[in-house]
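Here is a walk through one protein chain, from its overall plan down to single residues. Keep the 3D view open and follow along.

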Amino acid sequence: MPRLGSPKPLAAMRVNKDARPDIVPMVTEADDIPDSIAEIARAVAAGKLDLAQNLSVRIAASFSPASPSISPAIKLTCELQVRVFLRDRFTCRYCRRNTVFIPVLRVLSRLYPAELPYQKNWRWSETHPAYWKYAASCDHVVPVARGGTSAIDNLVTSCYMCNSVKQQWLIDELHWQIFPMQNTDWDGLSGLYGALVEAAGAGAELYHRRWMRALQAVSASH
């Protein structure tokens, strides 16, 4: 369940900067997962694959199979979602958590399937919890089932945890609030997406071609 009110900011990654680069300290706190994913993505984008493999140990330790299941489906266009994510700086408007661009997670899961497992239907027992807690999604503030539209002013960035809890509820019914857009340079690691796709040899996949086109189109219009 997401925390109502003002959740604590993401914890800073605890890495000894004087340590050898091939020795990677373990990270055990759940809120360090986005920082660890960012470090892995940057290492892959820089061609430091051995370091990225070592870094992936951090997130592997937080994967523990469990049970319930909801299978999220993306119904909005890729381009519209990217517009919402960039407008909101990839920050959940319900809990202010930094979120990660899902295609980035997918590329990293392709590179490190054991450490960051992913299952196409998001089966809980086969998908790393980072997807459910930190993946960026677009949520209808007023659900379509309650008369809402898919106009951009009725869409906000939401982490999947908040999205799966909110479902068809209205904000007032949950006693939640929509936080204002954050002044941050966090981009959900979308700036590394192209380099990651290239490193993974995934450029021919339709999934990634669609998201790359959407990201390029929206970036070009800004």
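Predicted model: local features only at pLDDT ≥ 70, side-chain atom pairs only at ≥ 80, totals over all residues.

Start with the whole chain. It has nine helices and two strands. Read from the N terminus, the order of elements is α-α-α-α-α-β-β-α-α-α-α. The chain has 222 residues, and 44% of them are buried. Of the contacts with a separation of 6 or more, 71% join residues 24 or more positions apart.

Now go to helix α3, residues 78–87. Its buried residues are C78, Q81, V82, V84, F85 and L86. What do the buried residues of α3 pack against? Their partners are β1 (136–140), β2 (155–159) and α9. An α-helix has 3.6 residues a turn, so residues three or four places apart point the same way. After α3 comes R89, with a positive phi near 55°.

Helix α9 spans residues 206–221, and H208 is found in it. Is H208 buried or exposed? H208 counts as buried because its relative accessibility is 3%, and the cut-off for buried is under 20%. Leave aside neighbours within four places in sequence, and H208 is in contact with P103, R106, V107, Y193, V197 and A202.

Look next at how α9 meets helix α4, residues 102–111. The two axes come within 11 Å and cross at roughly 145°. The crossing of α4 past α9 is left-handed. On the α4 side, the residues that meet α9 are I102, P103, R106 and V107. On the α9 side they are Y207, H208 and W211. The residues of this contact comprise five nonpolar, one polar and one charged.

From α1, the contact uses A41, V44 and A45. From α8, it uses A195, L196 and A199. The residues of this contact divide into six nonpolar, no polar and no charged.

Return now to the loop between α7 and α8. G188 lies in this loop, with α7 covering 171–174. Its relative accessible area is 0%, so G188 is buried. Which residues does G188 touch, beyond those up to four places away in sequence? They are F90, T99, V100, F101 and V104. G188 and Y134 are 54 residues apart in sequence, and their C-alpha atoms are 9.5 Å apart in space.

L189 is not a glycine, although its phi is positive, about 70°. With a relative accessible area of 2%, L189 is buried. H175 is found in the loop between α7 and α8 too. H175 has a positive phi of about 60° and is not a glycine. Is H175 buried or exposed? Its relative accessibility is 68%, so H175 counts as exposed.

Finish with the cysteines. How many disulfides does the structure hold? The count is zero. A disulfide needs the two sulfur atoms within 2.5 Å. C159 is buried, at a relative accessible area of 0%. C138 is buried too, with a relative accessible area of 12%.

Notes:
Residues numbered from 1 in each chain as written. Heavy atoms only, no water. Buried < 20%, exposed > 50% of the residue type's maximum accessible area, 1.4 Å probe, protein only. Helix = DSSP H or I, 4+ residues; strand = E, 2+ residues; numbered from the N terminus. Contact = heavy atoms within 4.5 Å. Axes fitted to C-alpha atoms, helices over the stretch in contact; angles between N-to-C directions. Left-handed = near helix turned anticlockwise from the far one by under 90°. Nonpolar A, V, L, I, M, F, W, Y, C, P; charged D, E, K, R; others polar.
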